[in-house]
Amino acid sequence: MRTHPTLLIVVTTVLIPVLGCQTGEPRSGSVKNTEASSTLAVDHDARMGWWRDARFGLFIHWGLYAIPAGEWQGNTNHTEWIKHTAQIPHDQYDRLVSQFNPVKFDADHWVRSARAAGMKYIVITSKHHDGFCLFDSNYTDYDIMSTPFQRDIMKELAEASRRHGLRICWYHSIMDWYHPDYLPRRPWEQRSAEGANLDRYRTHLKNQVRELLTNYGPVGVMWFDGEWEDTWTHEHGQDLFHFVRGIDPRVIINNRVDKGRGGMAGLTTDERFAGDFGTPEQEIPATGLPGVDWETCMTMNDHWGYNRFDDSWKSAENLIRKLADIASKGGNFLLNVGPTASGEFPPPCIERLRAIGEWMDVNGEAIYGTQASPFASLPWGRCTQKRLDSGTTRLYLHVFDWPEDGCLLVPGIRNDPRWAALLSDTDCNPLPVARDDDALVIHLPEYAPDPINSVVILDIVGTPEVTQH
Ligand code: JFZ
């Protein structure tokens with residue numbers, strides 16, 4: 001809608017995870033102050049502080065495409081790309097605008113679901129490739145205010161997120177199949193490219209980015225996408241990156257703003273390219289990547305946008321273990337939900353978010369603010385770690401396969417043990433730990449407290465000295 005911008009109150013949130021059985025824990029989760037930093041490197045660390053501590057976020061793909069719900073003329077495998085994959089003419093697709101009326105949308109409910117799952121931030125599609133905007137933009141009428149719904153969804157979600165201590169973040173597509181100045185034209189469309197001007201489109205894009213960064217209070221991440229198009233250049237990426245930095249230097253920007261991303265693995269290795277973190281899509285890197293921030297984004301089934309035919313849901317067990325796997329490699333997990341056209345999360349998503357939340361309620365300490373495992377691999381599961389004080393490191397041993405003989409072998413570690421316990425044990429009863437050559441052996445109770453992933457705490461003296469196996 002082309003009217004005037006709305007001003008929102010600026011509130012900063014500080015997320016402080018609760019740690020369990022110990023004193024003197026590090027203050028993780030707090031947002032560091034950028035003003036104190038004098039070098040770029042420090043600025044980067046300060047900017048990334050809350051994001052590194054958060055480890056877990058919710059991705060939401062929502063837009064007009066939720067209405068066909070994956071189906072077009074008998075084909076049921078479409079999704080947020082439906083305009084492209086079904087080659088839908090503009091006027092026909094645009095009719096969805098008058099049908100978009102998600103009367104069951106409740107921002108508070110969505111944010112509470114994410115928070116209960118243990119998620120610390122939400123990335124939602126302010127605009128996907130189809131060009132439709134879920135927010136009230138002064139620069140287009142192709143937005144939520146032209147639908148019967150007429151409520152600024154971004155505003156409601158930003159406010160609800162702030163209320164519940166989550167960071168709101170925008171996924172904003174660079175590629176745009178609607179805007180007349182965007183180039184290239186799609187092979188399947190009739191519109192002439194004559195008179196189109198990509199620089200004018202870039203101004204439009206920046207105008208909208210300014211709206212997103214100034215009308216909704218502090219924003220955590222600008223998550224760009226669609227940079228792979230031939231028309232988008234490294235210079236355009238640099239320009240957009242610095243434009244965002246200029247508006248708010250605290251905003252984290254993904255690497256899809258520029259041209260440095262290497263395919264689905266999603267990582268930028270050449271420092272000339274901009275981006276604060278890498279974006280592996282639907283995959284988890286084989287190992288940790290020292291010094292590189294990254295976030296795996298993943299669907300719960302096989303589509304990002306809502307597809308009512310897609311029943312191939314990953315199990316809660318699978319997702320809980322993926323979260324531990326990702327944290328053990330020093331990455332973040334951005335897990336996707338594609339809400340329905342009526343404004344609800346599909347029931348299988350709700351079930352899975354709940355199950356993850358139950359696990360996080362007990363074991364969140366082993367995820368938030370942790371760092372990558374010191375071990376190259378472990379036969380029974382994963383490991384995350386936290387520095388407690390100068391003399392102690394806490395290892396979180398994520399046990400997927402509970403040992404039948406009750407002996408958990410931690411291989412190739414030189415440090416002396418201080419103490420071990422089950423994270424789920426609120427009494428913090430110590431577990432016996434013995435040294436066996438270069439391994440530490442923890443004596444476990446007979447049954448796993450959690451068949452999916454039981455976390456064993458092992459505090460050791462100093463920083464881990466691990467020999468590779
Ligand atoms: C992109 C989007 O096109 C998709 O709709 C979704 O939003 C996802 C999170 O991001 O998907 C991509 C991006 C890049 C590749 C493939 C899918 N790639 O480089 O092969």
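Of the 91 residues in the largest nonpolar core, Ile 153 and Trp 170 touch the most other members. A nonpolar core here is a set of buried Ala, Val, Leu, Ile, Met, Phe, Trp, Tyr and Cys residues joined through side-chain atoms within 4.5 Å; buried means under 20% relative accessible area, with a 1.4 Å probe and protein chains only. This is a predicted model, in which local features need pLDDT of at least 70, side-chain atom pairs count only at pLDDT 80 or more, and totals for chains, interfaces and linings use all residues. Residues are numbered from 1 along each chain as its sequence is written, and side-chain values use heavy atoms, with hydrogens and water left out.

- Ile 153 is in contact (heavy atoms within 4.5 Å) with Trp 62, Phe 100, Phe 105, Leu 134 and Ile 144, leaving aside neighbours within four places in sequence.
- A second, separate core has 20 residues, including Phe 375, Ile 413, Leu 422 and Val 456.

- Seven strands form an open sheet in the order 5-4-3-2-1-7-6, with parallel pairing; two strands pair if DSSP finds at least two bridges between them.
- Strand 5 (252–253) and strand 6 (295–299) are at the edges with a single partner strand each, so one side of each has no neighbour in the sheet.
- Helix 8 (residues 316–328) packs on the sheet and touches strand 1 (56–60), strand 6 and strand 7 (332–337); the direction of helix 8 makes about 150° with that of strand 7, where axes are lines fitted to C-alpha atoms, for helices over the stretch in contact, and angles run from 0 to 180 degrees between N-to-C directions.
- Strand 2 (residues 121–127) pairs with strand 3 (residues 167–173) in the parallel sense over 6 bridges, and Val 123 stands opposite Cys 169 in strand 3.

**Strand 6**
- Strand 6 has 5 of its 5 residues buried, so it is largely enclosed by the rest of the structure.
- Glu 295, Cys 297 and Thr 299 point one way, while Thr 296 and Met 298 point the other way.
- Strand 6 runs parallel to strand 7 and is joined to it by 5 bridges, with Phe 333 as the bridge partner of Thr 296.

**Confidence**
- The average pLDDT (the predictor's confidence in each residue, from 0 to 100) is 91, and 91% of the residues score at least 70.
- Residues 4–42 have pLDDT below 50, and this stretch has 66 contacts in the model beyond near neighbours in sequence.
- Where pLDDT is low, the predicted coordinates should not be read in detail.

Methods: Helix = DSSP H or I, 4+ residues; strand = E, 2+ residues; numbered from the N terminus. Buried < 20%, exposed > 50% of the residue type's maximum accessible area, 1.4 Å probe, protein only.
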